[in-house]
Amino acid sequence: MTNTLQKLIALPFRYKPWRPEHLSIIVDDLKGLSRQSVHSDEVHLKAAIEWLCRAQDKRNGQRDEGGVSAGWSFEDGWLPSYPETSGYIVETFLAAEKILKQPELAQRAQRIIDWELSIQNPDGSFPGHFGESGSKPVIFNTGQIMHGVLAGYLNFQRNECLEAAVNAGRWMISKQDEDGCWRQSVHNDTPHTYNTRAAWALLRTGLIANEKALVAAAEKNIRWALTRQTPSGWFKTNAFTTDGLPFTHNIAYAIRGIMESGLLLENQEMLDAAINAAKAQALQQRQNGWLAGRYADNWHPQANYCCLTGLAQMSIIWLRLSQACDLKELERNADAGIKFIKSNHHITGQKDHRDGAIAGSAPIWGRYSMFEYPNWAAKFFADALMTRISGEPIPQTARS
């Protein structure tokens, strides 16, 4: 029996689709009832933020209290706090505090920061995965936590946060190869172009702390990433595994890191690479806002489901390019993407695992975050809404 066949046979036992709460979600998607009513940006934003707060509260009384649950899944229910994504949820809570006028969100952000600082390793890195004992640090995860602790420094004047970010950045440099690529302390022991989003954190830290070595290392990684771009604008070496294809989620991570670094450095080569990829991805979008969950080179779709997470991220990128580079035509793509996600956003008022959540994929059995409501899907959807509402990026300014 092949390994693939064994995995297929094991799927029902892993996800237990016969459970009533699981079956109702599957039936909804099968019937097309996942197409929800579309409300104002503010209504959807409030629901997504409330779900993220609920995910944080689920860890109260646990060893990982303060962090945000990675989400809810068919397999395990509410998951432990995820250091990586809790890190960049800090900036989401702080932006939402201003837009929704909810001061308690700043307190929630502080709680995340306190927890992140408490689990930082002596060498400056942060635990990977869910931060469990023995969890090996990962370049990408550490970079995303750096975004969160930078927010702690910039918004709360917490000097220990900048010190934590600088120490994390120095650890990242210690793992970087001469060509700028990270091949050590990476997911599945394979290099990833999408580590540009960690390079963006490294760059921000270097600029804020005036640490030239961090800036140089970040720029070196972005330049390596540019060598991975094909003539079509797609990126090689950008999947979770060596022989895999990137999800739209990975593609958006790579573009965002290059784009934001290009804006910070005022580097047109980097911006052109990001614009090329973002425009090429926009051409693949269906009229209703849908994007395929995976793409091969030359933007050949490789999935019949939508990666909602990646679509939210692409919507942010299109809005950023519209606002920062005057590419107003990309607003239409962002608007269509946000509308599609809204139509898959359940707002029930039940205050449960589903109310206000965003699934990894639509339908929920799509291969990205299969049968899960990951916290980062809600985070990026909220960020897309707030970027459109405020006209400001998240993080709020180019150097913060």
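Author: Gladly! Contact here means heavy atoms within 4.5 Å. Leaving aside neighbours within four places in sequence, Tyr88 is in contact with Gln144, Arg197, Tyr253, Trp376, Lys379 and Phe380. This is a predicted model, in which local features need pLDDT of at least 70 and side-chain atom pairs count only at pLDDT 80 or more, while totals for chains, interfaces and linings use all residues. Residues are numbered from 1 along each chain as its sequence is written, and side-chain values use heavy atoms, with hydrogens and water left out.

Reader: What makes Tyr88 count as buried?

Author: The relative accessible area of Tyr88 is 0%. Buried means under 20%, exposed over 50% and partly exposed in between (1.4 Å probe, protein chains only), so Tyr88 is buried. Tyr88 is found in helix 4 (residues 83–100); helices (H or I, at least four residues) and strands (E, at least two) are DSSP runs, numbered from the N terminus.

Reader: Why is the pair of Phe240 and Phe247 called tilted?

Author: Rings of Phe, Tyr and Trp (its six-membered ring) pair if their centres lie within 6.5 Å, with planes under 30 degrees apart called stacked, over 60 edge-to-face and the rest tilted. For Phe240 and Phe247 the centres are 6.0 Å apart and the planes stand at 50°, so the pair is tilted. Phe240 is partly exposed, at 26%, whereas Phe247 is buried, at 6%.

Reader: And what makes the pair of Tyr253 and Phe380 edge-to-face?

Author: Their ring centres are 6.1 Å apart and the planes stand at 75°, so this pair is edge-to-face. Tyr253 lies in helix 10 (residues 248–265) and Phe380 in helix 14 (residues 375–390), so the pair ties together parts that are 127 residues apart in sequence. Tyr253, at 3%, counts as buried, and so does Phe380, at 1%. The whole structure has 16 aromatic pairs. One aromatic cluster is formed by Tyr88, Phe140, Tyr194, Phe240, Phe247, Tyr253, Tyr368 and Phe380.

Reader: How do you know whether the crossing of helix 6 and helix 8 is left-handed or right-handed?

Author: A crossing is left-handed if the near helix is turned anticlockwise from the far one by less than a right angle, and right-handed if clockwise. The crossing of helix 6 and helix 8 is left-handed. The axes of helix 6 (residues 139–156) and helix 8 (residues 196–209) come within 8 Å and cross at roughly 35°. Such axes are lines fitted to C-alpha atoms, for helices over the stretch in contact, with angles from 0 to 180 degrees between N-to-C directions.

Reader: Which kinds of residue make up the contact of helix 6 with helix 8?

Author: They divide into eleven nonpolar, four polar and two charged. Here Ala, Val, Leu, Ile, Met, Phe, Trp, Tyr, Cys and Pro count as nonpolar, Asp, Glu, Lys and Arg as charged, and the others, Gly among them, as polar. The helix 6 side includes Phe140, Gly143 and Leu150, and the helix 8 side includes Arg197, Trp200 and Ile208. Val149 is also found in helix 6. At 1%, Val149 is buried, and outside its sequence neighbours within four places it is in contact with Leu117, Cys161 and Ala165.

Reader: What makes a set of residues a nonpolar core?

Author: The members are buried Ala, Val, Leu, Ile, Met, Phe, Trp, Tyr and Cys residues joined through side-chain atoms within 4.5 Å. The largest such core has 128 residues, of which Ile49, Phe93 and Ile258 touch the most other members. Beyond four places in sequence, the contacts of Ile258 include Thr196, Phe235 and Met270.

Reader: Which value makes Asn210 count as exposed?

Author: Asn210 has 61% relative accessibility, so it counts as exposed. Asn210 sits in the loop between helix 8 and helix 9 and has a positive phi of about 60° although it is not a glycine.
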